[in-house]
Amino acid sequence: MSVEIMDMTLDQVAAGPVQARIYKGGEFGKGPPVLIYFHGGSFMEAGLRDSAVAACIASTGAIVVVPDYNTPLGGVFPKPLEVGFSLFSYLAKKRAGLGDRKSLLLVGGEEAGGNVAAAVALKARDYYADELDGQVLFSPLLDPFMGSQSMRKADAIGMRERWADGWNHYLSAGRCHPYAAPSMCSRLSGMAPALVMSAEDDPLLDESVGYCQKLAAAGVKVRKDILPEGTGWVSIYGGKTNQAPVWEEHVRCEFNGFVKEVAIQ
């Protein structure tokens, strides 16, 4: 399915104007799901960026909004979250011409963007923002201590130092609120359903699985998919790999399945 890409400014967001790259698939039918997708970049990359994951999800017929969430207020917590939650709140009310009143509204992201998406979902729960229908987390970067067993693979793909620098940057204001590191949150009940994806050769595997377990234990509906080794999965967030990226069909199938599950709840 062809995907249309366009850039636009969402100038009525409470946190200030937000630049966004919009990916639109072909006809989904009435009420295409709208996904606010936060890009990766270890908390340090700003500007509009092409997103292979956003294009892949849009090819299912969804509308994917990839915002420049670090530029408006800066990339140090809690500023990216403020931008992300403001954007969610705006689209929940206005839709900005994206989707219609039947559209599911989701948040998602990969790596550092997965962290921001999880934080937006937490804040939506805390502020009784029932407009959030689900969260889509691809290898979310959730643990500032970087102490998991799978994290030992980070050196091999060139990410350990980058993630350490990213966490130091993101938490440089001196705050480690649960919104900054959702894996440390002790109260996860009442959150929107989640789709979580990782891979067997992903350094962020343990963080992804651990968060799934915490969500499920809190009564949150979770759909988990762990890809086998050799799919080039780590390329979605800039990890070095010599493997051809063959994860696209996995993402399309899991996203479609997740949307169907959420729609009937």
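**A buried serine and related sites**

Mentor: Ser-42 has a relative accessible area of 0% and is therefore buried, a term for under 20% relative accessible area, against over 50% for exposed and partly exposed in between (1.4 Å probe, protein chains only). This is a predicted model, in which local features need pLDDT of at least 70, side-chain atom pairs count only at pLDDT 80 or more, and totals for chains, interfaces and linings use all residues. Residues are numbered from 1 along each chain as its sequence is written, and side-chain values use heavy atoms, with hydrogens and water left out.

Ser-42 sits in the loop between β3 (34–38) and α1 (52–58); helices (H or I, at least four residues) and strands (E, at least two) are DSSP runs, numbered from the N terminus. Although Ser-42 is not a glycine, its phi is positive, at about 55°. Most residues other than glycine have a negative phi, and most peptide bonds are trans.

Glu-111, also not a glycine, has a positive phi of about 55°. This residue belongs to strand β5 (residues 105–111) and is buried, its relative accessible area being 0%.

A cis peptide bond, with omega near 10°, runs from Phe-77 to Pro-78. Pro-78 is placed in the loop between β4 (63–67) and α2 (79–93).

Asp-225, in strand β8 (residues 222–227), counts as buried because its relative accessibility is 16%. Beyond its neighbours within four places in sequence, Asp-225 is in contact (heavy atoms within 4.5 Å) with Val-196, Met-197, Ser-198, His-250 and Glu-254.
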